[in-house]
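This report describes selected elements of one protein model, taking strands, helices and single residues in turn. Please consult the sequence and structure shown below alongside the text.

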Amino acid sequence: MSEMNATTQQENVLKRKSDDVGWEYGSLIDPSNLDKVKCMFCNHVSTGGIYRLKQHVAHVSNAVAKCKKSSQEAKDRCKKSLEVASKKRREKTIRELELRDSVNISRVGDEEVNVAGRSEPHKLGPLDKWTRPIDPKLTQAEALHQQKINKELWKKRTHEVQQYVARWMYNHAIPFNACDNDDFKLMCEAIGRFGPGFDPPSKHDLRETLLSQEHARVKSLLKERDAEKMKNGCSIMTDAWSDRKRRSIMNLCTNCADGSSFIKSKEMSAVSHTSEVIFQLVDEGIEEIGPEHVVQVVTDNASNNMGAKKILLEKRPNMFWSSCATHTINLMLQGIGNLPRFTKVLDKAKAFTIFVYGHTRTLECMRHFSSGKEIIRPGVTRFASAYLTLESLLDKKDQLRKMVLDGRWDSLREVKSKNGKAATATIMSMPFWKDVKLCLNVFEPLVKVLRLVDGDVKPSMGFVYGEIVKAKKEIKEVYGNVASRYKDVIDVVEKKMKDRLDSPLHLAAYLLNPYYSYADTNIFDDGTITEGFISCVETFYHGDDSKQDQAVNVELRKFQNREGSFGKKLARTCQNFEYNAASWWKLYGNEVPTLQRMAMRILSLTSGASACERNWSTFENIHTKKRNRLTTERLNDLSFIQFNSRMMAKKQMIKEKKIADVLFSTETTEAQGFIFEGGDECDVVIYRDEDEEEMDNTVPMEVDEQLEPRRSARLRQLYEAEEFDSEEEEFDDEEEKHPDDEDDY
C-alpha cells in the first residue's frame, strides 16, 4: 500500500497542474528541471519544455523530432494550442509596434539607421560606428557574420541602458511591477527617440505645469464616457477615507456602461460625517454632472448614508439610492465565515500558513515543494483572500502532504514545536481537506456573484438579484437540499440581502432582464417582483401618470408576451449570459418606447461602489510618508489622473479579454490574517454592518477610526519587496520560451 502511495505521489509531482494541453501528453523527467519533458506516446525526451513537446506531438516543426505514435486527436489539440500561442505572440509584437508608433518626438540630428521592429530610424550612438547596413551583395556567410556583430552590439547597448534604469529603481524603491505597463514603455521609447542631451523635468514642472497638462489630457479622454452618461444615465458613488495626516477625505466617483471615473475628492476634516454633509456632497456631484443624467446613488450601508438617502429622495424623488452590492455580499461571506463550522476550518488554515510564513526555513521548504509558488493568495478583501487561499491550499494538497512526509520538513527544529506538530497534523488530516472542500463549495456561488458586481466587466444591476437567487439554490444543493443543514447559511444570505439587494430597483431590473424573465415566466406572476417593478416605475417616471400607466398597463404586457420584435428569432441572444441587456432593449424594444427608456437606463447601471472604495489604494500610493505635504488640491489632481488612467486601462484589458481575476490582488494588505497572529485586525478595508453599529451604539462612518489604512511593520519587512504573481500566468513564458525553431532535441 505504501509503495502505491509513493508511486502516486511521484506521478503527481511529475504531472504539472496546468491547463496547458501539452501536459496531457507528457510529464517531467525531474521535478526540478522544467525543460525536460517525456512524451507519453513514444518516451522521447524534449529538452525545450512543454512548447517543444507540443511541436513533437503535433508534427509542426522540422527542428523537432516527430512523434511516430501520437494520435490524430493529440496532434490536432497540440497544433491548435501552438497556433493560439503564436497568435498571442503576434498580437504582442503588433501591440509593441503600435506603442512605438504612438510616440511623436520632433527629430533633429545627423546620422540615423533603420532598426528591425521600429517604424522610424534610430539615432546613432558611438558604438553604432562599428555597425553597418548589411550589403545585399555580400555572401551568405559574410552577411551572417555582419548580422551577428550588429546583434551583439545592440544587445550590449541595451544592457547598459537597462543598468541605468535598474539603478534608479533600486535606489528609490520603485516597485518592480511599475515597469510592467504601457506608460513605462512609452516613456523609454520617447527618451530613446529624443537621443542624447534630454533635459529631465524639474520638481516644479512635475507638480505644476506638467500635472495640469496631464490632468487636462486625461479629462479629454473621458469625453466618450460623458456621451454614454447622457445617453443611458449613470450612477454616483461616494465613500470616505482618512489619509496619513488624519485628514478625512470623501471621494466622489461616477459609473456608466463604459466604466468608472473619479470626479473629485473633498477634505472633510472640519466637519462630522453626518447625513446632511454626505447629502450636500452628493447633491453637488449631481448638479455637476446634470440631474437628468443621474439615475442612482450607490453607497455602503452605514446609517448616515441611509439618512442622506432620505434627504436626497425628498429633493429628487425620481432618483434611486442603492446599497453597495459588493459591500453586502462581503457581509454575507463574513457572516457565513463566522459560523462555527467554517470558523474552525479557517482558523486551522490560518494556523498552518502563519506557522509556515513565520519561519524562514519552513517558508523555504514550502516554496521548494510548491515549485516557488505561494500558498497564500491575497485578495481585494479579507474574505476574497480567505476563499482564494483555501482554493490555493486545496490545489496544492498533494505537494503539501508530500512536504510534511519528507525528511527535509521533519528535520526542521521549528516543526518539532507545538505549532509545528499542529501544522503537520492539519495537512495530514483528511477531515480538514474535506471541510476545506465544503467551505469552497458553499462560498463559491456567492464568490461568483462577487466577481460579477466587483469586476466592472459589464453593468451588473440587471443580474445581481437573479444571481443571488441562483446562488441560494446552489448552496442548498451542496447540502443535498436538506433544510436543517443549510438553514443557518441561507438565513445569513437572506438577512444581509433584505432591504439592500431586494429593492424595487433590483426587482425591476430582474424582471426587465429577459435572461431571467424569459427563462422563467413565473417571474411575471410573482407578486413581490411585480410590486417592486410598479414601485420602480413610479419613481423613475415620478409625477408623470401617463407614462406610468403606459409602462405598467400596456407595454409590460407586450414584453411579457413577446409581441412584435420581442418574438424575433434574433432576440434569443438574451439566452446568453454574456449578452448586453441594454443593447438588447435598444434593438428590440422600439415598440414599447416608455418601457424601453426605463429598461435601457436601469440595465446600464452598476450595483456596487467598489470602484470608489478601491480609490483608497490610489490615495495611499500617492500620499506616502515621503509626500505627506501634498495639498488636497494636488492630491485630488494626482488621484484623478492615476485612478482614471487605471480605469481606462482596465476597460481596455476587458475589451481585449485580458482581465485577470478581479478578486486577486498583488498587495497583501487584506491577507494579513494568514501571515501573522492578529493580522485580521490590520485590514485596510473594514466592512461594517449597520445592524451591528446600532447594537454597539457607535457613531457610524468615523473615518479616522474605521478607514485609516493600517499595515504592520513586520508585514512590510517580509512582503513589500515580494510580488504575488497570479498562478493563472504561471505558464505564459512557456509559450514564449522558444519562439524560434532551434534544434535542441
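Two strands are said to pair if DSSP finds at least two bridges between them. Helices (H or I, at least four residues) and strands (E, at least two) are DSSP runs, numbered from the N terminus.

## Basis of the model

This is a predicted model, in which local features need pLDDT of at least 70 and side-chain atom pairs count only at pLDDT 80 or more, while totals for chains, interfaces and linings use all residues. Residues are numbered from 1 along each chain as its sequence is written, and side-chain values use heavy atoms, with hydrogens and water left out.

## The β7-β8 hairpin

Strands β7 (residues 248-256) and β8 (residues 259-267) are paired in the antiparallel sense over eight bridges. Two residues lie between β7 and β8, which form a hairpin. Within this pairing, Ile 249 stands opposite Glu 267 in β8.

An open sheet is formed by three strands in the order β1-β2-β3, with antiparallel pairing. Strands β1 (26-30) and β3 (45-46) stand at the edges, each with a single partner strand, so one side of each is left without a neighbour in the sheet.

Strand β2 (residues 33-39) pairs with β3 over two bridges in the antiparallel sense, and Lys 38 stands opposite Val 45 in β3. Helix α2 (residues 49-58) packs on the sheet and touches β1, β2 and β3, where contact means heavy atoms within 4.5 Å. The direction of α2 makes about 20° with that of β2; axes are lines fitted to C-alpha atoms, for helices over the stretch in contact, and angles run from 0 to 180 degrees between N-to-C directions.

## Packing of α12 and α14

The axes of helix α12 (residues 340-357) and helix α14 (residues 382-395) cross at roughly 70° and come within 11 Å. Helix α12 is therefore roughly perpendicular to α14 (65 to 115 degrees). Leu 346, Ala 349 and Phe 352 of α12 make the contact with Ala 386, Leu 390 and Leu 393 of α14.

## Cysteines and Gln 548

With a disulfide defined as a pair of cysteine sulfur atoms within 2.5 Å, the count comes to zero. Cys 324 is buried, at a relative accessible area of 0% (buried means under 20%, with a 1.4 Å probe and protein chains only). Cys 365 is also buried, at 1%.

Gln 548 lies in helix α24 (residues 545-560) and counts as buried at 16% relative accessibility. Not counting residues up to four places away in sequence, Gln 548 touches Val 537, Glu 538, Tyr 541, His 542 and Gly 543.

Methods:
Angles under 35 degrees count as roughly parallel, over 145 as roughly antiparallel, 65 to 115 as roughly perpendicular and the rest as oblique. Buried means under 20% relative accessible area, exposed over 50%, partly exposed in between (1.4 Å probe, protein chains only).
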